[in-house]
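Keep the sequence and the 3D view open side by side. The paragraphs below go from the whole chain down to single residues.

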Amino acid sequence: MRFSNTLIPTLRDDPARTDVASQRLLLRAGFLRQLNAGIFTWLPLGFRVLQKVEAIVREEMQRINAQEILMPFVQPAELWQESGRWEQMGAELLRIQDRHERDFCLSPTHEEIVTDLFRNNVRSYRELPCTYFHMHTKFRDEIRPRFGLMRAREFIMKDAYSFHLEESTLDKTYWDMYEAYSRILDRIGLDYRSVEADNGLIGGSSSHEFQVLAEAGEDVLAFSDSSDYAANIERAEARPPATRPEAQESMEKVHTPNAKTIESVADLLGLDATRCVKTLIVQGQESLVALILRGDHDLNELKAEKLPGIRTPFQFADPNDIENSLNCSIGSIGPVGLEIPYYVDRDAAALADFVCGANEDNYHYTGANWERDAHLQDIVDIRNVVEGDLEPNGTGRLLLKRGIEVGHIFKLGRKYSESMRVAIQDQEGATIAPAMGCYGFGVTRTVAAVIEQCHDEAGILWPESIAPAKVHLISVGADRSPEVGEAADKLYQLLQELNVEVLYDDRAERPGVKFADADLIGIPHRVVIGSRTLKEGVLEYRFQRNETEKISESELKNRVSASSIH
C-alpha cells in the first residue's frame, strides 16, 4: 500500500467539535470522514482496521460453532408489533414506509428477525441447541450523537442469537460466548473487565457487559479490591449498614429560608450532608411516589424503575403536580407525615437524628427518627454505590473506574419465543417455546475503544493485532537521491514477499510531514531509509514510541516475524 496512491487525508490541526481522543485522532489520521451527525465513511486505513476486528470476532464465533448468516437491514413493522417493541423502542427506532405505505424500520437489532427465521425453518429438537450470528450495519436514531464511534447513529455490530430446549444448554452457550468475548479482547490486546449488567429493553435475566477501561467511557464500573466482584454501577448493589444507632434527639421544626438543596440545608444548620435525608418525587402507576435517600447519595434510576408501583419508563414528577398534591415545593419534602407511598433506601433507613423536609416551604425537621416520627416502610437498595463502599459479600471495598461497553451478553429466556408464538417439539413430542440467548459485540465501537486506551499526544498506538499495517516504511529524500528511492522500493517489495503488510510513504514530502503523519497513524513498526542510513548500510527502526535504533535488514525481518499476530 503506497501512501501516494491511497486516500489518507491527514489533518495538521484538530477538527472542530470533537469530544474524545478516538474521534479526534480517527479524523486527523485519515481513517474516517463524517457524513452527518453520528454517520461516518470508513476510508482505506480505517476499513483495514475494521476488517481485522471483524476477522477476530468471526474466528471466535466459529470456534464455538456459531453459524454465520446475514439478516436484512430493513425490517417489517409487524414482527416488532408481535414482540411488543414497536412502540416500546420509542424514537430511537427509525420508522419508514414503502411506496405502498407499509411500515418498516431500519434495524437497531435483530431479535425479531432471527426469531421469525427460526420459527419458519426449525422444526425438530434434533436441531437444537443452535446459535446464529451476523455482522451488519445497525441504525439507532440517537437524540444526541456524540463521542464519534462511541455514540454513533449508524454502526456495525456482531449480534448472535441462540435457541435451546433446556436451561442447561442455554447456560453452556452463555458461558461459551463469555469466554469467546474474553478471547476477542485478549487477542486485540485490551485492558477490560466483564461486569454484571442491567438487561434494559432487550429483556431477559442474566447479563454481563464487557467494558474496555478508559477515562472517556460513558459507564461507571464498580470493582472489589479483594475479590472478583464487578458490576456496572447501574447494577452494583449497595451493602446495607449493619445497625441503626439509638435516637438521642427530640424532633424540632426549624426555619430554613430559601434552603432548597441538601448542600444549602447542611450549610445553614452547620452539619454534614450524611446527617440529612432527601426526598425525591417520581411518577407512580397510580399516584406520586417518594424515594428517600441519604443526603450525600445519588439515586440509581434503573434500580428505582424496577420497584413495584413505579411508572415505566422512569420519570420524575412535574413540580406543579408535586405542589398541587403535597402543598409544598421540591426541597421541603420529607417522610414525617408524608401522605403518598414511599420507599426508603437502606442507608437512609439506618440514620438516627436526621434532618428532613417538614412538608412546608422554608421549614425542615432536625432530630427526626424512624418509627418514632416517621413510619419506616419498604426499605430498598436504590442508590448508586460510591468508592469505598463494602462490596455485597462484605469482604472488600469497591473501587470505581470508567469503561466503554463493547460487548453485552443476555439470557433472554422466552420473552421473544412466547410473544412470537414459536413452537418446537421435544423428545416426548410435547410442543414448547425455546429459550433464547442474545450476544452483541460492537465492532466499530471497539475500534474507538482501542484508541481511547492506546494513544498519546502525538497520535494512535495501534496494537499489532488490528493495525492497518505492520510496518510503516518511510523514504527520506528520494526525490533528490534515486538510490534512496530504489532501496526503499526494494525493501517494500521484500516485505510484501514475506507477507508483511506495509504502508510505504513514497510521497515527495518533507521528512517532518512524513514523521508527523506516521505518529498520527500509529503503525507499530517504523522503518526509515535515507541517504545517511543508506551509506551506513543500516535501517532506522522504531517500535511504537520507543527509542530509534539502527538495525540491519535481516534484523528487521527478525523483529517483524517475532511480533507476528497470534
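Into which domains is the chain divided? There are domain 1 (18-71 + 108-236 + 401-451), domain 2 (252-380) and domain 3 (471-562). These bounds come from an automatic or database domain assignment. This is a predicted model, in which local features need pLDDT of at least 70 and side-chain atom pairs count only at pLDDT 80 or more, while totals for chains, interfaces and linings use all residues. Residues are numbered from 1 along each chain as its sequence is written, and side-chain values use heavy atoms, with hydrogens and water left out.

Start with domains 1 and 2. Their centres, taken over C-alpha atoms, are separated by 39 Å. Five residues of domain 1 are in contact with four of domain 2; contact means heavy atoms within 4.5 Å.

Next, a helix pair. Helices are DSSP runs of H or I with at least four residues, strands are runs of E with at least two, and both are numbered from the N terminus. Two packed helices are described by the angle between their axes and the distance between the axes. Helix H2 (residues 44-63) and helix H12 (residues 443-453) have axes that come within 9 Å and cross at roughly 110°. Axes are lines fitted to C-alpha atoms, for helices over the stretch in contact, and angles run from 0 to 180 degrees between N-to-C directions. H2 and H12 are therefore roughly perpendicular, the term for 65 to 115 degrees. H2 contributes Val49, Leu50, Val53 and Glu54 to the contact, and H12 contributes Val443, Thr444, Thr446 and Val447.

Now a sheet of four strands. This open sheet has the order S14-S15-S16-S19, with mixed pairing. Two strands pair if DSSP finds at least two bridges between them. The edge strands, S14 (277-283) and S19 (379-380), each pair on one side only. S14 runs antiparallel to S15 (residues 288-294), with seven bridges between them. Ile281 has Ala290 in S15 as its bridge partner.

Another open sheet has five strands, in the order S25-S24-S26-S27-S28, again with mixed pairing. Strands S25 (502-505) and S28 (549-551) are at the edges; each has a single partner strand, so one side of each lacks a neighbour in the sheet. Neighbouring strands here are turned by 25° against each other on average, direction ignored. S26 (residues 525-529) and S27 (residues 539-543) run antiparallel, joined by four bridges. His525 stands opposite Phe543 in S27. Helix H14 (residues 511-521) lies across S24 (471-475), S25, S26 and S27, and runs at about 175° to S24.

Note on methods
Angles under 35 degrees count as roughly parallel, over 145 as roughly antiparallel, 65 to 115 as roughly perpendicular and the rest as oblique.
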